Amino acid sequence: MLDFTLSSLLRRKGKNIALFLVYTLIVFMPASILFFTYSLKREAEIILRDTPEIIVQRMIAGRHELIPTGYIDKIKEIRGVDQVRARLWGYYYDPVVGANYTLLVSKNTALPAGTITIGKGIAQARLAFPGDTLEFRAYDGVILEFKVKDLFSSESALITSDVIMIGEDDFRRLFGVIKEQATDLVLQVKNPKELSTIALKIAEALPDTRQILREEILRTYEAVFNWRGGILLALLAGALLAFLILAWDKASGLSSEEKREIGILKALGWETSDILLLKFWEGIVISFSSFLSGIVLAYLHVFMGSAVLFSPVIKGWSVLYPNFKPVPFIDFSLVSALFFLSVVPYIVATLIPSWRAATADPDSVMR
Amino acid sequence: MISMRKSSLFLIFVLLDLVLMGFLGLHAAYRQKNDLIFLEAKSALVRQLDLTDLCLFTEASYTRNPSQADRHTPFQDSPFSLEHFPSGSLIGPPPGSKP
């Protein structure tokens, strides 16, 4: 039966090869998206698991503003708070390359005055390496020069590509942030189970602040790569539409040649069940081989090609984009779901018109 | 030359695909084990620098650090201004975030 099926498919070689290629593409796109987003989600879970437990930001007129460091003493009075410290970070737009940088002051690393550590993305954009000097325009228009002391590693590009680590005094000089202010406050608590309670107490003690918990930070990346929104929905919509058109075209009827073929087989003594089995195998050959090819190509694209087709989508207007290779974390339940959502409907779409032709009078079908 | 049946050729094609998928599975397992060191190093860097977000969308502040941005920033340019960065249409506000 399989031999006959393949011979039947090869009689319409051009059409079936085109069908195979389109179907492979339809599987390739969602599979690539699933692999990419799941991998990033898992990486985000692992990498960001030690992000600050609570971040306290000051809000004025609904916008994030600098926070007085005097708030630290008020927060320290709350039972359960272990440590509170000021965090200094901000953005700098570099008109030379049109890129946005994230500047931050590290609590652990004291950089000598006038030196910075930069991410690989910045080094590539500005062709800056250790020993080179970069110029920044301060808040008052004065040009400040900073010497590049070191680069963040390439492996950390996913978190440091656009980061500049700078000393506290240099940061305050650059942005005009006085000593009594900070960007926000970072808290450590004694009991992680009390995070929500402590956040509530901070909101009561400091009504002009908002609190961001670690679990909210982690949920951000679940939402970004969630199928209900974000990248997934935007890119899947096209593939879904293409698949629906394919299935509708298949289900809407057979060509006259295919009907004639069925009529001849019936006239030769084939039963309806034999014809349905033939069409079932035709559907399996096309859909299963397309599915396998699509999955393999998607894996190669995402995990060996660094999802090169998605970078223009994710990059948008960014000048800096991290060069990273997603780690192959694969959710097999999603792959199985993709299998059942692509192969089964296609086979059903193939069988329906075939059943109609197979149950009709062979003479009328052949004419 | 021995000519093979079409069904045999097809089954060989399927078998090769499955073998290739098996190799890719091994590749995935190897990369996961191998890259764990780098993931741990990144996690340590997050702890050291108090980082909160991945460096994926660097075109705007609220897409660069979506977990830290307030909800008004995408529309900050003027009253009734629309959100206009491409990556802003790809990510929404963090779930459960307060304005």
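Tyr299(A) counts as buried, at 3% relative accessibility. The model is predicted. Tyr299(A) pairs with another aromatic residue, Phe35(A). The count of aromatic pairs over all chains comes to 16.

- The rings of Phe35(A) and Tyr299(A) are arranged edge-to-face. Their centres are 6.4 Å apart, and their planes stand at 80 degrees.
- Phe35(A) belongs to helix H2 of chain A, which covers residues 13-47. Tyr299(A) belongs to helix H11 of chain A.

- Phe36(A) and Phe310(A) form a tilted aromatic pair. The distance is 5.6 Å centre to centre, with 55 degrees between the planes.
- Phe36(A) sits in helix H2 of chain A. Phe310(A) sits in the loop between H11 and helix H12 (311-315) of chain A.
- This pair ties together parts that are 274 residues apart in sequence.
- Phe36(A) is buried, at 3% relative accessibility. Phe310(A) is buried too, with a relative accessible area of 4%.

**An aromatic cluster**

- Four residues form one aromatic cluster: Tyr92(A), Tyr101(A), Phe136(A) and Phe146(A).

**Where H1 meets H11**

- Helix H1 of chain A spans residues 2-11, and helix H11 of chain A spans residues 272-304.
- Their axes come within 9 Å and cross at roughly 70 degrees. H1(A) and H11(A) are therefore roughly perpendicular to each other.
- The crossing of H1(A) past H11(A) is right-handed.
- On the H1(A) side, the contact is made by Leu2(A), Phe4(A), Thr5(A), Leu6(A), Ser8(A) and Leu9(A). On the H11(A) side, the residues are Leu278(A), Trp281(A), Glu282(A), Val285(A) and Ile286(A).
- By class, the contact between H1(A) and H11(A) has eight nonpolar residues, two polar and one charged.

**Ser39(A)**

- Ser39(A) is another residue placed in helix H2 of chain A.
- Ser39(A) is buried, with a relative accessible area of 0%.
- Beyond its neighbours within four places in sequence, Ser39(A) is in contact with Phe303(A), Pro326(A), Val327(A) and Phe329(A).

**Arg172(A)**

- Arg172(A) is found in helix H6 of chain A, residues 168-175.
- Arg172(A) counts as buried, at 10% relative accessibility.
- Leaving out residues up to four places away in sequence, Arg172(A) touches Leu88(A), Val177(A), Ile178(A), Lys179(A) and Gln181(A).

**Glu194(A)**

- Glu194(A) lies in a loop of chain A, between strand E12 (184-189) and helix H7 (195-205).
- Glu194(A) is partly exposed, with a relative accessible area of 33%.
- Glu194(A) and Gly80(A) are 114 residues apart in sequence. In space, their C-alpha atoms are 7.5 Å apart.

How values were computed: Residues are numbered from 1 along each chain as its sequence is written. Chains are lettered from A and ligands numbered from 1 in the order in which they are written. This is a predicted model: local features need pLDDT of at least 70, side-chain atom pairs count only at pLDDT 80 or more; totals for chains, interfaces and linings use all residues. Side-chain values use heavy atoms; hydrogens and water are left out. Axes are lines fitted to C-alpha atoms, for helices over the stretch in contact, and angles run from 0 to 180 degrees between N-to-C directions. Helices (H or I, at least four residues) and strands (E, at least two) are DSSP runs, numbered from the N terminus. Angles under 35 degrees count as roughly parallel, over 145 as roughly antiparallel, 65 to 115 as roughly perpendicular and the rest as oblique. A crossing is left-handed if the near helix is turned anticlockwise from the far one by less than a right angle, and right-handed if clockwise. Contact means heavy atoms within 4.5 Å. Ala, Val, Leu, Ile, Met, Phe, Trp, Tyr, Cys and Pro count as nonpolar, Asp, Glu, Lys and Arg as charged, and the others, Gly among them, as polar. Rings of Phe, Tyr and Trp (its six-membered ring) pair if their centres lie within 6.5 Å; planes under 30 degrees apart count as stacked, over 60 as edge-to-face and the rest as tilted. Buried means under 20% relative accessible area, exposed over 50%, partly exposed in between (1.4 Å probe, protein chains only).
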